[in-house]
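Here are my notes on the model you sent over. Have it open while you read.

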Amino acid sequence: MKSIYFFFLFFLAILTLSSSDRKNDPVVHTPLLSKQETKTIDLIQPLAGCDELGRILPEHEEVGDIRGNRNVGMFYFLWQGDNASKTSEQKWDLSKIIPCHPEVLEKGDHENWGSRQRGRYYFWGEPIYGYYRGDDYWVHLRNMQLLTDAQVDFLIIDATNTLIYEEQSDALMRAIRTLQQQGRNPPKIVYYTNTESGKTMQKIYDAFYRSDAPIRYPETWYYMEGKPLIIGRTKEVDGKEFQPFFTFRESQWPNEPIQDNGWPWIDFIRPQHVYKNRRGEREIINVSVCQHPDPGAGMGGSAFYGNKNNWGRSYRNGNPGNPEKDILYGYNFQEQWDYALQQDVPFVFITGWNEWIAGRWGSTDGNPEHSYFCDQADPEYSRDIEPTMTAGLKDNYYMQMVANIRKYKGMNPVQKAGNEKSIKGWNDWEEVTPVYTDYKEDTEKRDHPSAVINPHIQYTNTTGRNDFTILKVARDRKTIYFLAETAKPIINSNDEQWMRLYINSDRDHTTGWMGYDFRINAGTNLQQYTNGQWKTISKVTVKTEGNKLLYSFPLKIISGRKGELNFEFKWSDNMQTEDPMDWYLNGDVAPEGRFNYIYQTK
């Protein structure tokens, strides 16, 4: 939570939280979705996947059908590069400053801070999309794809310090609307206010919700109890013109008395508290990547000055763990999830996706040379789930989150393949099922300034080429056929990265390259991964016309016993390096990231 407010909490007494024995709280069982909600469910494709740690995503057999009254909110941040949170000049990444120049920790005006001024902002690491600004539509579009696939229902926008980020909100809302126009169900928007809450809610209403608001995307609003939801301090709402417009929930700080209707962005007690609404119903629980129950020390005190009171990514069972080897596994995050899943409440609030930066303030430990960072500091003491290469975190936390949301919400079963069918012409594909779909418009180029002021960094990406939209698989007794349709006529190329198809033929993620046993490379060669390298084993039949591409080869190469098929596959065009993390950035991939489509005949 971007919060100068927290800086002052060091000087305030920490209030004692009262709570019941949470382990003995009654569990609320929630019903299945109604028939009216099945349209939304049908949009959620059952995707397979495995992270780099070998953790396989649970599937329908483990988590069951999608359950109603299960809602996931994600804390989402728009402040990167804003004028009110200016990034330090010359040097701005703590994960690069501290290891190379540890002496800065004992000298507050050291030149290697990049700025001698306090109150400048630093990234704790580098996001996979670079040090992006909060108004970068290209980034928001990709994030909305990832969070849609994860089954996140709404984004909780940090407006806790009176800033409402109009331009950034506009870029985010446009990205959400883009996916909605494709028939998807991306997360919608809720604003979280705290400081000067009443005034801030008025600004939000005037900017985004009022009938003549300058930035108005009603389709992106998250509704609760029949009205758009907003979070704040309702004692500041009485008499405001927007009072009848919203459904309200209370801003719940972790070291303030527990409130009815309180919505927590983090919890400083273990296990977390289940917050009730005004009807006395157990409503919401927070799950966060790490926590700082000693706000006086902040994350920086634990990361840089030896304070052991806070809980980093490696924390579990009351022990800080060994970040050097534990940080990748998200033990703290999982401990929070395990408890939340037992509670079976209607809402889970996750902290967080993309906070990334924190201000550098004056010392709170009596040493004027020390620097204070509140909510982010280094890889261990940070809360972002958005993929990053920093500290080798990659997309491990994202995949871990997807796995837990599936356990909480359930998922669709895999649709079994249709009957055998020989493909002789393009019309033969019309009745083939299942139909696999991919996001559109994700091959548009990126050209946007970064959050870094000095030196100026402009992010560009022109690797988008063929935009996958519809994928299918068919088979007869001898041949298997793969179809890829694109948004526009296919752009041909002679490079090896052109229209690759990856196949995990046995659904074993420990064999092959990242689990993939075969691939079609450069549109001509069927290759098998053997002894650490790709080897061509045969040619494939290739046909193209307009926006359609067909690959076919002998079925026996990938079929199992008795000719049964149970495999995963993925399309990729114009990846720049053969690394799964490249799929988040370059060209186009279907499905996104490390996900795979599933094809089963039985």
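The points below go from the domains to their interface, then to a sheet and a salt bridge.

1. First, the ground rules. This is a predicted model, in which local features need pLDDT of at least 70 and side-chain atom pairs count only at pLDDT 80 or more, while totals for chains, interfaces and linings use all residues. Residues are numbered from 1 along each chain as its sequence is written, and side-chain values use heavy atoms, with hydrogens and water left out.

2. The protein splits into domain 1 (64-409) and domain 2 (426-600); these bounds come from an automatic or database domain assignment. Their C-alpha centres sit 34 Å apart.

3. How many residues of domain 1 are in contact with domain 2? It's 37, and they meet 26 residues of domain 2 (contact being heavy atoms within 4.5 Å). About 2900 Å² is buried between the two domains, with carbon and sulfur atoms giving 57% of that area. Buried area here is the accessible area (1.4 Å probe) that two parts lose on being put together, summed over both. On the domain 1 side, W138, Q145 and R184 lose the most area to domain 2, together 20% of what that side buries.

4. D136 and R446 form a salt bridge, with their closest N and O atoms 2.9 Å apart.

5. Helices (H or I, at least four residues) and strands (E, at least two) are DSSP runs, numbered from the N terminus.

6. Have a look at the open sheet too: five strands in the order β13-β16-β17-β23-β22, with antiparallel pairing. Two strands pair if DSSP finds at least two bridges between them. β13 (436-437) and β22 (541-545) are the edge strands, each pairing on one side only. Strands β16 (468-475) and β17 (479-486) run antiparallel and are joined by seven bridges; L471 has A484 in β17 as its bridge partner.

7. Finally, the structure holds 29 salt bridges. One of them joins the side chains of R249 and E283, at 2.8 Å from N to O. R249 lies in strand β7 (247-252) and E283 in strand β10 (282-288), so this pair ties together parts that are 34 residues apart in sequence.

Technical notes
Salt bridge = Lys/Arg side-chain N within 4 Å of Asp/Glu carboxyl O.
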